[in-house]
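Please look through the sequence and the model below. The report that goes with them follows the chain by region.

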Amino acid sequence: MTKGNYPYPEDEFDAAPGSDTPIGVHRAPRSWWSRWWPFVVVIVVVPVLTVGAVLWTSSWDGLGTNDDQAGVELTDDPASTEGDDAATDPAAEDTGDGTQEGGEDATAEDPPVTEEPPAVDYAQSIDVLNAARRNGLAADVAGQLEEAGFTTVTAGNGDATAADVTTVFYASPELATTAQAVADALGIATVQESAADAGSGIAVLLRTDFVG
């Protein structure tokens with residue numbers, strides 16, 4: 001059909017477009033959200049869904065384990081177990097004689113306490129008696145005892161019949177420790193308890209065997 005055969009009158013659509021008039025259909029500019037929402041879905045929504053699926057799967061797999069643990073906690077009572085062990089422990093059985101098999105005697109007494117011997121009394125009076133027929137021997141021995149720390153020492157002559165060998169006499173048991181210290185200081189081997197020969201407490205009878 002040519003323009004000359006066109007039966008309809010011309011209208012605004014038949015007019016030729018101007019030089020600055022757009023031709024065809026034009027869309028409005030797209031917003032920033034319409035351009036970026038596909039990326040947001042990929043970056044945010046997809047990971048969230050993935051994590052949720054993993055958590056849901058994990059909780060589903062663990063339901064049986066939690067139930068099993070709960071059943072163990074309800075049926076296993078540590079207190080009752082310990083009581084059963086104590087009741088069946090052969091080591092805790094009473095033997096009927098005041099003791100427990102495998103244990104110590106419940107009625108055993110504490111061991112006796114050993115008393116310490118008295119300390120050396122360096123102020124105790126000591127008589128040094130010369131019965132060895134050697135002039136000045138008693139004074140020399142008395143000087144040795146003073147050098148050893150004894151402070152009350154006297155020298156004199158003694159009775160040779162009291163002992164055949166050099167002897168340290170002491171009057172009572174509580175003086176035994178001090179008498180032994182005197183004997184050790186002079187190198188005397190014989191120490192004897194004798195109230196009759198000890199004089200004022202301790203006496204050193206020097207005989208001819210004394211070499212100190």
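## Basis of the model

This is a predicted model, in which local features need pLDDT of at least 70 and side-chain atom pairs count only at pLDDT 80 or more, while totals for chains, interfaces and linings use all residues. Residues are numbered from 1 along each chain as its sequence is written, and side-chain values use heavy atoms, with hydrogens and water left out.

## Overall fold

The protein has five helices and five strands. Both are DSSP runs, numbered from the N terminus: helices are H or I with at least four residues, strands are E with at least two. Along the sequence the order is α-α-α-β-α-β-β-α-β-β.

Of the 212 residues, 19% are buried. Buried means under 20% relative accessible area, exposed means over 50%, and partly exposed lies in between (1.4 Å probe, protein chains only). The protein exposes about 16,000 Å². Carbon and sulfur atoms supply 56% of that area. Accessible areas come from the Shrake-Rupley method with a 1.4 Å probe, and for residues only the protein chains shown count as cover. Among contacts with a separation of 6 or more, 67% join residues 24 or more positions apart. A contact means heavy atoms within 4.5 Å.

## Helix α1 and the annotated segment

UniProt, in an unreviewed entry, lists residues 36–56 as "transmembrane region". Its positions are given in the numbering used here, feature names are shortened, and annotations may be inferred rather than shown by experiment. In the model, residues 36–56 are 100% helix and 0% strand.

A nonpolar surface patch includes Trp36, Trp37, Phe39 and a run from Val40 to Val46, along with Val48 and Leu49. Together the patch residues have about 1,100 Å² of accessible area. Patches take residues with over 30% relative accessible area and no salt bridge; like charges are joined within 9 Å, and nonpolar side chains (Val, Leu, Ile, Met, Phe, Trp, Tyr) within 5 Å. A salt bridge is a side-chain nitrogen of Lys or Arg within 4 Å of a carboxyl oxygen of Asp or Glu. Valine 45 belongs to this patch. Valine 45 sits in helix α1 (residues 32–61). Its relative accessibility is 38%, so valine 45 counts as partly exposed.

Arginine 133 occupies the loop between β1 and α4. Its phi is positive, about 60°, although arginine 133 is not a glycine. At 84% relative accessibility, arginine 133 is exposed. Glycine 143 lies in helix α4. Glycine 143 is partly exposed, at 24%. Its C-alpha is 9.3 Å from that of alanine 155, 12 residues apart in sequence.

Aspartate 159 is in the loop between β2 (153–157) and β3 (167–170). At 46% relative accessibility, aspartate 159 is partly exposed. Beyond residues up to four places away in sequence, aspartate 159 touches Ala131 and Leu205.

## Helix α5 and its cover

Serine 172 lies in the loop between β3 and α5. Serine 172 is buried, at 17% relative accessible area. Its side chain makes a polar contact of 2.7 Å with the side chain of glutamate 174.

Which residues of helix α5 (residues 176–186) are buried? They are Thr178, Ala179, Ala181, Val182, Ala183 and Leu186. Their cover includes β1 (126–130), α4 (137–147), β3, β4 (190–193) and β5 (202–206). Alanine 179 has a relative accessible area of 0%. Leaving out residues up to four places away in sequence, alanine 179 touches Val168, Tyr170, Val191 and Ile202. Alanine 179 and valine 191 are 12 residues apart in sequence and 7.1 Å apart, C-alpha to C-alpha. Just after α5, glycine 187 takes a positive phi of about 75°.

Definitions and conventions:
A polar contact is a pair of N or O atoms within 3.5 Å; within protein, one must be able to donate a hydrogen and the other to accept it, and residues adjacent in sequence count only if both atoms are side-chain atoms.
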